[in-house]
Amino acid sequence: MIQKVQNLILLLERMSVLYDRTVGILEREKLSLITFDFEHILEVLREKDEVLGVLRSLDEDRLRIQDQFALIMQKDNREVTLRFLTIALKEHLPIEARRLSELRSELESRIDVVKSRIRINKSFTEKSIKNLQMIASNLNAAIRGRAKGSSKSVRTYTGKAKVCESKQEIGSLVEKRL
């Protein structure tokens, strides 16, 4: 049983390090998005996928160990959480129980930081996409000679004692006259 607790502690320590690394990856991802460094974005995405794969694997191992404790303690595996284990082990293994409690708290705070970072990156990415779409639509309209939202009419003297009302597109990047 002591070996299982020590294995669980090792798993949680590894997970803690990987969650710290994930925060750094998310920061680099945002910086790459800001600078439009697409090659670096691809590298960051690969690294993020790799770290997440390892985290999933470690989490599966953690759940397997917790399920083994559930069998030993004759409890439902949904009841046996890290918090439950720290309380249950406090009497028999106080040092390991304290370390398990510390790691659980560390992981909880790190996961909160990762969730926050993900929300920030998601919001930034969505705003960037909307901004790029607006720029592309304005550029497209300007190239076609139709400035968006422009409805100024221009009065032109035709030489026949008449003034012709016409809408002129201004601000176009491409002039249609050759």
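Predicted model: local features only at pLDDT ≥ 70, side-chain atom pairs only at ≥ 80, totals over all residues.
**Exercise 1. Is Glu 126 buried, partly exposed or exposed, and what is its relative accessibility?**

Residues are numbered from 1 along each chain as its sequence is written, and side-chain values use heavy atoms, with hydrogens and water left out.

Solution. Step two is to apply them: Glu 126 has a relative accessibility of 42% and so counts as partly exposed. Step three is to look at its partner, since the side chain of Glu 126 meets that of Lys 122 in a salt bridge with an N to O distance of 4.0 Å; here a salt bridge is a side-chain nitrogen of Lys or Arg within 4 Å of a carboxyl oxygen of Asp or Glu. Lys 122 is exposed, because its relative accessible area is 53%. The two residues are four apart in helix α4, which means that about one helical turn separates Glu 126 from Lys 122.

Elsewhere, salt bridges with shared partners join Glu 13, Asp 20, Arg 99, Glu 102, Glu 106 and Arg 110 into one network.

**Exercise 2. Describe the order of the helices and strands and the overall exposure of the protein.**

Solution. Begin with the elements, where helices (H or I, at least four residues) and strands (E, at least two) are DSSP runs numbered from the N terminus. The protein has four helices and two strands, and from the N terminus on they follow the order α-α-α-α-β-β. Next, consider burial: of the 178 residues in the protein, 25% are buried. The protein exposes about 12,700 Å², of which carbon and sulfur atoms supply 56%; such areas come from the Shrake-Rupley method with a 1.4 Å probe, and for residues only the protein chains shown count as cover. Last, turn to contacts, meaning heavy atoms within 4.5 Å: among those between residues at least 6 apart in sequence, 55% join residues at least 24 apart.

**Exercise 3. Examine two further salt bridges and the places of their partners.**

Solution. A search of the whole structure finds 14 salt bridges. One of them is formed by the side chains of Glu 47 and Arg 28, at 2.7 Å from N to O. This pair links distant parts of the chain, as Glu 47 belongs to helix α2 and Arg 28 to helix α1 (residues 2-35), 19 residues apart. Arg 28 has a relative accessible area of 31% and is therefore partly exposed. A second bridge brings together the side chains of Glu 106 and Arg 99, with an N to O distance of 4.0 Å. Both ends can be classified: Glu 106 is partly exposed because its relative accessible area is 28%, and Arg 99, at 26% relative accessibility, also counts as partly exposed.

**Exercise 4. Which residues form a nonpolar patch on the surface?**

Solution. Patches are made of residues with over 30% relative accessible area and no salt bridge, with like charges joined within 9 Å and nonpolar side chains (Val, Leu, Ile, Met, Phe, Trp, Tyr) within 5 Å. The nonpolar patch consists of Phe 36, Phe 38, Leu 132, Met 134 and Ile 135, which together have about 520 Å² of accessible area. Helix α4 (residues 94-144) contributes the largest share, three residues. Phe 38, by contrast, is found in helix α2 (residues 38-73), and Phe 38 counts as exposed because its relative accessibility is 55%.

**Exercise 5. How many residues apart in sequence are Ile 111 and Thr 22?**

Solution. Ile 111 and Thr 22 are 89 residues apart in sequence, while their C-alpha atoms are 9.6 Å apart in space. Ile 111 lies in helix α4 and, at 28% relative accessibility, counts as partly exposed.

Conventions: Buried < 20%, exposed > 50% of the residue type's maximum accessible area, 1.4 Å probe, protein only.
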